[in-house]
Amino acid sequence: MKGLYVRLLRVLRGVLRTTGLLRLLDRWAARSRTGLWVRSWLSIYDLDELVRHDVPWWTFDAADRVEAFLRGRPGARALEWGSGASTVWLAARCAEVVSIEHDVDWAASMRPVLPANAELRVVPPQDARTRLTREVVASAKPGFADLDFADYVAEVDRVPGAFDLVVVDGRAREACLERAVGRVAPGGLVVVDNVDRARYRDAIARVEGRLGGRARVTWTRGRTPTLPYPTRTALLEPSP
């Protein structure tokens with residue numbers, strides 16, 4: 001169903017391009033947030049177009065808040081689990097971005113669009129059935145059963161220093177969030193996307209409980225690039 005939806009939008013985009021209407025839509029997008037939102041529907045799963053739109057795949061509200069946060073932290077360092085248009089968007093606003101990606105093919109499509117200050121680390125999951133000597137880190141996403149993301153989550157430990165911003169938007173987000181909180185610089189921020197899902201909200205609640213009130217969570221909900229319906233992104237500010 002999702003594939004059919006994407007194909008229909010590709011056909012519609014082609015028709016609009018042929019008739020010249022896509023150019024008018026691009027002009028609307030350049031001067032209006034609503035125009036950008038509508039135009040981005042035609043760019044779903046199109047990395048090059050999303051990079052041109054200069055949008056991360058979070059709620060617009062969350063992106064605005066992160067952009068304001070980064071303006072106040074010149075020279076910021078960012079780390080994310082899950083690369084995409086957000087990697088390029090962050091690289092334009094940070095001194096350094098490290099992105100940890102599990103998908104080898106997706107990483108190959110990312111490399112041509114990465115600026116010099118963005119580093120992509122590819123850590124594919126392992127077959128969990130072969131891991132007999134340690135705890136497996138699983139992903140609850142359908143289609144990822146029997147895969148172990150322990151190395152993917154732990155890759156952050158191989159990157160020295162603290163980060164002003166950490167984005168949790170890949171696989172095994174609950175485990176990534178636990179690691180993220182310990183790597184955020186004082187006054188830093190953690191972005192957790194798609195918190196429409198209860199398991200991500202539960203993971204944030206566990207972190208809040210563990211920090212004993214030393215964290216503030218901002219829940220955003222609303223328009224999101226490429227999607228004609230609202231989604232949710234959370235911003236977590238842990239205190240030392």
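I started with the lining of the largest pocket, by class: 13 nonpolar, 9 polar and 11 charged residues. I counted Ala, Val, Leu, Ile, Met, Phe, Trp, Tyr, Cys and Pro as nonpolar, Asp, Glu, Lys and Arg as charged, and the others, Gly among them, as polar.

The model is predicted: local features need pLDDT of at least 70, side-chain atom pairs count only at pLDDT 80 or more, and totals for chains, interfaces and linings use all residues. Residues are numbered from 1 along each chain as its sequence is written, and side-chain values use heavy atoms, with hydrogens and water left out.

I then looked up the volume of the largest pocket, which is about 1000 Å³. A pocket here is an open set of points on a 1 Å grid over the protein atoms alone, where a 1.4 Å probe fits, with protein on both sides within 12 Å along at least five of seven lines; lining residues have an atom within 4 Å of a point. The volume is the space filled by probe spheres set on the points, which are joined across faces, edges and corners. Of the 33 lining residues, Y45, W57, R171, R173 and N194 are closest to the pocket centre. β9 gives the most to this lining, 4 residues. Helices (H or I, at least four residues) and strands (E, at least two) are DSSP runs, numbered from the N terminus.

Next, the sheet. I traced 7 strands in an open sheet, ordered β3-β2-β1-β6-β7-β9-β8, with mixed pairing. Two strands pair if DSSP finds at least two bridges between them. β3 (118-122) and β8 (215-224) are the edge strands. I checked β1 against β2: they run parallel, joined by 5 bridges. E80 has S99 in β2 as its bridge partner.
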